[in-house]
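Please consult the sequence and the structure shown here alongside the text.

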Amino acid sequence: MQTKIADVMSPVPVTLPLTAPMRSAATLMRDTNIGAVLVVDGDELLGIVTDRDLVVRGMAEGADPDIASIAEVTTASPITLAPDDDPAEAAALMRRHGIRRVPVVDRGTAVGIVSLGDLAKDRDDTSVLADISAQPPTG
């Protein structure tokens, strides 16, 4: 049986509304040990915001993380995958677009997220990236 994205993704994605303050996103990422939050309106995926977005597109540009919303740094209408998609095709998609995380959507609803680390663990759990991705956070 061929592996599907549903087999390697992180299910139950962490989400926030577009109006959430940047600090809320950063705190949520820290507390849940993740690098991206899906931005939603109810069940509808609006975008994705990463830890890098918060720092480079937000705070480095002078945004106050307690006042500015994640709307200012969210990547709207992100590239998505479906649960039945092939992980090898997902890796090629990520390489082609230079992205590290992709929301997984089923009938318009965000159902998960897949990262380079997830794909690395699936393809070769002895690779350096898979090993790093499996480690608990430091600091």
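## Basis and overall fold

A contact means heavy atoms within 4.5 Å. Residues 24 or more positions apart account for 55% of the contacts with a separation of 6 or more in the protein chain. The model is predicted: local features need pLDDT of at least 70, side-chain atom pairs count only at pLDDT 80 or more, and totals for chains, interfaces and linings use all residues. Residues are numbered from 1 along each chain as its sequence is written, and side-chain values use heavy atoms, with hydrogens and water left out.

The protein chain has 6 helices and 7 strands (DSSP runs numbered from the N terminus: helices are H or I of at least four residues, strands E of at least two). Their order along the sequence is α-β-β-α-β-β-α-β-α-β-β-α-α. Of the 139 residues, 37% are buried (under 20% relative accessible area; exposed is over 50% and partly exposed in between, with a 1.4 Å probe and protein chains only).

## Residue V14

V14 lies in the loop between strand 1 (10–11) and strand 2 (15–17). With a relative accessible area of 23%, V14 is partly exposed. Leaving aside residues up to four places away in sequence, V14 touches L28, T32, I34, V37 and L38. The C-alpha atoms of V14 and A110 are separated by 9.7 Å, although these residues are 96 apart along the chain.
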